[in-house]
Amino acid sequence: MLDKLPHVEDRLLQIPDPRHWQGTDGASHAPRVLLLYGSNRERSYSRLLTEEAERLLQHFGAQTRIFHPAGLPLPDDAPATHPQVQQLRDLVSWSEGQVWCSPERHGAMSGVFKSQIDWIPLNSGALRPTQGKTLAILQVCGGSQSFNSLNQMRVLGRWMRMVTIPNQSSVPKAFLEFDDTGRMKPSPYYDRLVDVMEELMKFTLLLRGHGEYLLDRYSERKESAEELSRRVNQPAT
């Protein structure tokens, strides 16, 4: 697949491999990664950056899916049975890791991106769809470099109980960083994207299968025990 990655140096590119550490769950399937982006423009730089991220993840051995937000209704403006909403929620459940990429608009993440997050429930029955999943965050800027969207997405990831990796990528003046075919030009910004995707794969391989244990909480165990106690000690009628 290196013919799709013309800007990387083959001898320096390492495929993340769970054999480099102990304690994995022994899963043999390729890590499942969902990618979200935040613009419906015909030439969307957040989409183009997301597609570059997908190429790298596929080279690293991941299964990938990109959710395209065109047609997704505003939160609470349609029932949760809407086909686009169901597709998004199914992909969130399917994923073991995620990539979020938003443009910066008015000093914040875009409404298109935030709407996708707002359609993802914190709870779905007894399941928390995002809990324990890994997350990498990316941002594109129309002007000089900033980190406003990244900072907001990092807060969101924590709120959604995701394991947000330390590294991140912000691409300033994104209109200068992609060629006419939509491919990202070689630059330190491209190299940083490689770093972030490599790190995401490492964290995903390391953590998958252990989320239930790592995110097991005393308060939730206590709440479950109290519910069980009330159920088994109900007075006879």
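This note walks through a predicted model of one protein chain, from its overall layout to single residues.

1. **Overall layout.** The protein chain contains 7 helices and 7 strands. Along the sequence, these elements run in the order β-α-β-α-β-β-α-β-α-β-β-α-α-α. The chain has 237 residues, and 46% of them count as buried. Take the contacts with a separation of 6 or more: 77% come from residues 24 or more positions apart.

2. **Helix 1 against helix 5.** Start with this pair. Helix 1 covers residues 45-59 and helix 5 covers residues 188-207. Their axes lie 10 Å apart, and the packing angle is about 50°. Helix 1 and helix 5 are therefore oblique to each other. The crossing of helix 1 past helix 5 is right-handed.

3. **What makes that contact.** Helix 1 contributes Leu49, Glu52, Ala53, Leu56 and Leu57. From helix 5 come Tyr190, Leu193, Val194, Met197, Leu200 and Met201. By type, the contact of helix 1 with helix 5 has 10 nonpolar residues, 1 charged residue and no polar ones.

4. **The largest nonpolar core.** This core holds 31 residues. Those with the most contacts inside it are Leu49, Leu56, Leu57, Val99, Leu138, Leu193 and Met197. Two or more residues each come from strand 1 (32-37), helix 1, strand 3 (97-105), strand 5 (134-140) and helix 5. Helix 5 gives the most, with 7 residues.

5. **Leucine 57 and a second core.** Leave aside residues up to four places away in sequence. Leucine 57 then touches Val33, Leu35, Ala62, Thr64, Val99, Met197, Leu200 and Met201. There is also a second, separate core, with 21 residues. Leu72, Met109, Ile120 and Met160 are among them.

6. **Arginine 158.** Look next at helix 4, residues 148-159, where arginine 158 is found. Is arginine 158 buried or exposed? Its relative accessibility is 59%, so arginine 158 counts as exposed. Arginine 158 and glutamine 131 are 27 residues apart along the chain, and their C-alpha atoms are separated by 9.4 Å.

7. **Two positive phi values.** Most residues other than glycine have a negative phi. Two residues here deserve a check against that background. Arginine 161 has a positive phi, near 60°, and is not a glycine. Arginine 161 sits in the loop between helix 4 and strand 6 (163-164). Arginine 161 counts as partly exposed because its relative accessibility is 27%. Lysine 173 is not a glycine either, and its phi is positive at about 40°. The loop between strand 7 (169-171) and helix 5 holds lysine 173. With a relative accessible area of 43%, lysine 173 is partly exposed.

8. **Glycine 209.** Where is glycine 209 found? It is in the loop between helix 5 and helix 6 (211-214). Glycine 209 has a relative accessible area of 58%; the cut-off for exposed is over 50%, so glycine 209 is exposed. Glycine 209 and glycine 132 are 77 residues apart along the chain. Their C-alpha atoms are separated by 9.4 Å.

Methods. Residues numbered from 1 in each chain as written. Predicted model: local features only at pLDDT ≥ 70, side-chain atom pairs only at ≥ 80, totals over all residues. Heavy atoms only, no water. Axes fitted to C-alpha atoms, helices over the stretch in contact; angles between N-to-C directions. Helix = DSSP H or I, 4+ residues; strand = E, 2+ residues; numbered from the N terminus. Parallel < 35°, antiparallel > 145°, perpendicular 65-115°, else oblique. Left-handed = near helix turned anticlockwise from the far one by under 90°. Contact = heavy atoms within 4.5 Å. Nonpolar A, V, L, I, M, F, W, Y, C, P; charged D, E, K, R; others polar. Core = buried A, V, L, I, M, F, W, Y, C linked by side-chain atoms within 4.5 Å. Buried < 20%, exposed > 50% of the residue type's maximum accessible area, 1.4 Å probe, protein only.
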